[in-house]
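Here is a short tour of one protein model, written for someone who likes to know the cut-offs behind each term. Please keep the viewer open as you read.

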Amino acid sequence: MTLLDTVRIMRRFWITIATCILLCVGVAAAYATTLPRLYTATSQAYVLVGGGSGSVAETSIGNNVAGSKAATYAPLTQSERVAERVIADLGLSEPASSVSGAISYSVDPSSPRIQVFATSTSPQRAKDLADSVVTATAEVASFLESGGDEESTLVRMIPVTDALLPTAPSSPDVQRILLIGLAGGVILAWVVVLVRLKLDTRIRRPEDVTSVTGLGLIGTIPRSRDLMSRLHSQDLLRGAVGESLRHLRTNLMYADPDNPPRSVVVTSPMPSEGKSTVSALLARALAVRGERVVLVDGDLRRPMVATLFDIDTGIGLTQVLAGSVPIDEALVATDTEGLLVLPAGRVPHNPSEVVGSSRMRGLIAELSQDH
């Protein structure tokens, strides 16, 4: 499939594509509204080793130890002991597991800094949780490091940054959800379009005809408002329509150069698809070239040729086949030199039998001798 084919498909199914995309984006938006709004507050603490004085070497060693200790202390933020201290500090009534589940942390390997993230449905509660967790973790770490004698420990965890009050929810990520909905809509639209293309058996392009029948095309006629006119004239042989008809005329005459066709049937699968219009214009194109042409209206259900040429419909094909009128009296001259028309005449009750009769074949053979 080429890029041009893709553009054609998008133009043809743009309503389906737009509907699928809007549907999926709408579902994603509705889903986002059902999710709880969560706020996240961030607090920080640093791990210090020693009293802060000493040589450069001692300071470097202390920083390395502090970084290692920070990675050790960070998981304490989600411990049950820290959660119990937070519950006691904030006067919460929920279990320790619930508090621990709302806490996460981040440690920079090159720094003794610990970042604590607290998530809650309330901005103020998220802030209080973050501050209380950092304080409680520092107390638990100090206790573990000193074995109960907090004054003798050389390693300390110090809260340095209070959490800021969140001003916007951190979850749900509405933009991400909508983008997922958009992507899902595009995928759904493409699947629906592919299914419709697979199930569509209508003939839409010249390539469809050749692929289904295995036969070549002798011509195509472009759409034109002028072809909708009930009264035709030779002026229609100008422009794109005229060029396509001349192309059709040439292909017909040279389809078999040794035995060019003397009679041509123009038909269509369904009514009102343009067979009378095409046959009338093709007859004009042949006559303009200098051929002697007879256009026979064989549509005995909805005859249109007489209307297109504005001629009398009283006498025509059915009377000639019945033997009540000679062929010379039934032929009508037109405004195009060399073109004669045989109207349908009175509409019979058995049009299929009349058109398929041996008399019809004989009439076509007779007219084909010198037209």
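## A hairpin to start with

A hairpin of 5 residues links β2 to β3. Strand β2 covers residues 103-107 and strand β3 residues 113-120, and the two pair in the antiparallel sense over 5 bridges. Within this pairing, V107 has I114 of β3 as its bridge partner. Two strands count as paired if DSSP finds at least two bridges between them. Helices (H or I, at least four residues) and strands (E, at least two) are DSSP runs, numbered from the N terminus.

## How to read the values

This is a predicted model, in which local features need pLDDT of at least 70 and side-chain atom pairs count only at pLDDT 80 or more, while totals for chains, interfaces and linings use all residues. Residues are numbered from 1 along each chain as its sequence is written, and side-chain values use heavy atoms, with hydrogens and water left out.

S43 lies in strand β1, residues 39-49. Is S43 buried or exposed? S43 is buried, with a relative accessible area of 2%; buried means under 20% relative accessible area, exposed over 50%, and partly exposed in between (1.4 Å probe, protein chains only). Apart from neighbours within four places in sequence, the contacts of S43 (heavy atoms within 4.5 Å) are I114, Q115, V116, A130, D131, V134, T161, D162 and A163.

V47 is also found in strand β1, and counts as buried at 1% relative accessibility.

The buried residues of α2 are T16, I17, C20, C24, A28 and A32. Seen down the helix axis, these buried residues fall within an arc of 145°, so they line one face of α2. That arc is taken from the directions from the helix axis to the C-beta atoms. What covers the buried residues includes α1 (3-12) and α7 (174-199). On the other side of α2, the exposed residues are W14, I15, L22, L23, T33 and T34.

How many disulfides does a search of the whole structure find? The count is 0, where a disulfide is a pair of cysteine sulfur atoms within 2.5 Å. For C20, the nearest cysteine sulfur is that of C24, 6.7 Å away. C20 has a relative accessible area of 10%, and C24 has a relative accessibility of 19%, so C20 is buried and C24 counts as buried.

In what order do the strands of the open sheet with 3 strands run? The order is β5-β7-β6, with mixed pairing. β5 (293-296) and β6 (332-333) stand at the edges with a single partner strand each, so one side of each has no neighbour in the sheet. β6 runs antiparallel to β7 (residues 339-342), joined to it by 2 bridges, and V332 stands opposite V341 in β7.

Helix α10 (residues 275-288) lies across β5 and β7, at about 170° to β5. Axes are lines fitted to C-alpha atoms, for helices over the stretch in contact, and angles run from 0 to 180 degrees between N-to-C directions. α10 is mostly covered, with 12 of its 14 residues buried. Its buried residues pack against α9 (239-253), β5, α11 (305-309) and β7. After α10 comes G290, with a positive phi near 110°.

## Backbone details to check

Most residues other than glycine have a negative phi, and most peptide bonds are trans. The peptide bond from S171 to P172 is cis, with omega near 5°, and P172 lies in the loop between β4 (155-161) and α7.

S272 is not a glycine, yet has a positive phi of about 60°. S272 sits in the loop between α9 and α10 and is exposed, at 61% relative accessible area. D310, also not a glycine, has a positive phi of about 55°. D310 belongs to the loop between α11 and α12 (317-322) and is exposed, with a relative accessible area of 60%.
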